[in-house]
Amino acid sequence: MNTIALTDASRVIAGSVLLTIVGIEFGGWYLMRIVRGKEKLTDFQQRFARAGHAHAGVLVTLALVCLVLADAAGLTGALGWLARIAVPLAALLISGGFFFSSMGRGEVTRPNKLIAMIWTGALSLAVGVVSIGLGLLTAAS
């Protein structure tokens, strides 16, 4: 039976990423307040809050999987660090982009300039998954 031992880099990143789940749980609590009508938000803000929360959960899970895959591919050096950090960074940027771009006072009905965080996060996600994917395809077995 083959076992995969995490590299120190993946272990540290995975530990840090796991701790972010408490923040995602807080986001779920906040969404429950929204659904119960205890937070006054526009329809736009509610949609972006849901999207931010959903992306956080999915991308954090993907980030943890990608750490194991980066180790399985034997990625090292700068490329290894880039591959390991890009997906967790995407989780922060994309989910944060939904939340921060919908903040504001009064009737907020469209995103502010922080919407750029989502596009930056999408780029980070692409860099991470392509790096790991190519690493897996070219790894020696």
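The chain is built from helices. It has five helices and zero strands. From the N terminus on, the order of elements is α-α-α-α-α. The C-alpha trace spans about 55 × 30 × 20 Å along its principal axes. The chain has 141 residues, and 36% of them count as buried.

Helix α2 covers residues 21-35 and packs with α3 at an angle of about 155°. The axes of α2 and α3 are 10 Å apart. The angle is over 145 degrees, so α2 and α3 are roughly antiparallel to each other. The crossing of α2 with α3 is left-handed.

A nonpolar patch is formed by Leu62, Val65, Leu69, Val129, Val130, Leu134, Leu136 and Leu137. Together these residues have about 650 Å² of accessible area. Two elements give two or more residues to the patch: α3, residues 43-72, and α5, residues 116-138. Helix α5 gives the most, with five residues. One of the patch residues is Leu137, which is found in helix α5. Leu137 has a relative accessibility of 71%. Exposed means over 50%, so Leu137 counts as exposed.

The structure holds three salt bridges. One of them pairs Asp8 with Arg11, at 3.6 Å from N to O. Both residues lie in helix α1, residues 8-19. Asp8 and Arg11 are three residues apart, which means a separation of about one helical turn. Asp8 counts as exposed, because its relative accessibility is 56%. Arg11 has a relative accessible area of 49% and is partly exposed.

Another salt bridge joins Arg33 and Glu39. The closest N and O atoms of this pair are 2.9 Å apart. Arg33 has a relative accessible area of 24%, and is therefore partly exposed. Glu39 is likewise partly exposed, with a relative accessible area of 24%.

A further salt bridge connects Asp71 with Arg84. The closest N and O atoms are 2.6 Å apart. This pair links distant parts of the chain, with Asp71 in helix α3 and Arg84 in helix α4. The two residues are 13 residues apart. Buried means under 20% relative accessible area. Asp71 has 11%, so Asp71 is buried. Arg84 has 4%, so Arg84 is buried as well.

The relative accessibility of Gly80 is 0%, so Gly80 counts as buried. Gly80 and Ser16 are 64 residues apart in sequence. In space, their C-alpha atoms are 17 Å apart.

Gly77 is placed in helix α4 too. Gly77 and Arg105 are 28 residues apart along the chain. The C-alpha atoms of Gly77 and Arg105 are separated by 45 Å.

In outline, the predicted model has five helices and zero strands. Helices α3 and α5 both give residues to the nonpolar patch. The Asp71 to Arg84 salt bridge links helix α3 with helix α4.

Definitions and conventions
Residues numbered from 1 in each chain as written. Predicted model: local features only at pLDDT ≥ 70, side-chain atom pairs only at ≥ 80, totals over all residues. Heavy atoms only, no water. Buried < 20%, exposed > 50% of the residue type's maximum accessible area, 1.4 Å probe, protein only. Patch = residues over 30% accessible without salt bridge, like charges linked within 9 Å, V, L, I, M, F, W, Y side chains within 5 Å. Areas by Shrake-Rupley, 256 points an atom, 1.4 Å probe, with all protein chains shown as cover. Salt bridge = Lys/Arg side-chain N within 4 Å of Asp/Glu carboxyl O. Helix = DSSP H or I, 4+ residues; strand = E, 2+ residues; numbered from the N terminus. Axes fitted to C-alpha atoms, helices over the stretch in contact; angles between N-to-C directions. Parallel < 35°, antiparallel > 145°, perpendicular 65-115°, else oblique. Left-handed = near helix turned anticlockwise from the far one by under 90°.
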